[in-house]
Amino acid sequence: MAKKMMYSFAEKKDSANGIVSTIMGTISLIFFLAMVYASYYMRGEAGLYAGAFGLCGAVFAAVGFVVGILSFSEKNIRYKYPKLGSVMCGVMFVVWLSMFLIGF
């Protein structure tokens, strides 16, 4: 017997947590660019500033990744922002982690 097709007419909305995750990934990227600019502008002597930008950027990336993953469990949402935020935060966290491990 053929399976009956089920249609859902519930309007899908953007996930608030997905949007928050995308914003946190963008903030982490801005911190990375600010750290690179500060290090270039101070000719490599931006130790405290680079450390502060790095720690804040890593925290934003980690929290944004967790929020993005948790946003997939919401019902009737579009998955554009959760996917974008999770990937952006995951990539930025890997970048921050590699920067910390290399010792820049």
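Two residues are said to touch, or to be in contact, when heavy atoms of theirs lie within 4.5 Å. The model described here is predicted, so local features need pLDDT of at least 70 and side-chain atom pairs count only at pLDDT 80 or more, while totals for chains, interfaces and linings use all residues. Residues are numbered from 1 along each chain as its sequence is written, and side-chain values use heavy atoms, with hydrogens and water left out.

Helix α1 covers residues 16-41; helices are DSSP runs (H or I, at least four residues) numbered from the N terminus. Its 26 residues reach 37 Å from first C-alpha to last, close to the expected 38 Å, a span given by 1.5 Å times one less than the number of residues. Among its buried residues are Gly-18, Ser-21, Gly-25 and Ser-28, where buried means under 20% relative accessible area, exposed over 50%, and partly exposed in between (1.4 Å probe, protein chains only). The cover over the buried residues of α1 includes α2 (47-70) and α3 (80-102).

Ser-21 of α1 has a relative accessible area of 0%. Leaving aside residues up to four places away in sequence, Ser-21 touches Gly-64, Val-67, Gly-68, Gly-85, Ser-86 and Cys-89. A polar atom of the Ser-21 side chain lies 2.8 Å from the backbone oxygen of Gly-64.

The structure holds zero disulfides, a disulfide being a pair of cysteine sulfur atoms within 2.5 Å. Cys-89 is buried at 0% relative accessible area, whereas Cys-56, at 37% relative accessibility, is partly exposed.

Technical notes: Helix = DSSP H or I, 4+ residues; strand = E, 2+ residues; numbered from the N terminus. Polar contact = N/O pair within 3.5 Å; in protein donor to acceptor, adjacent residues only side chain to side chain.
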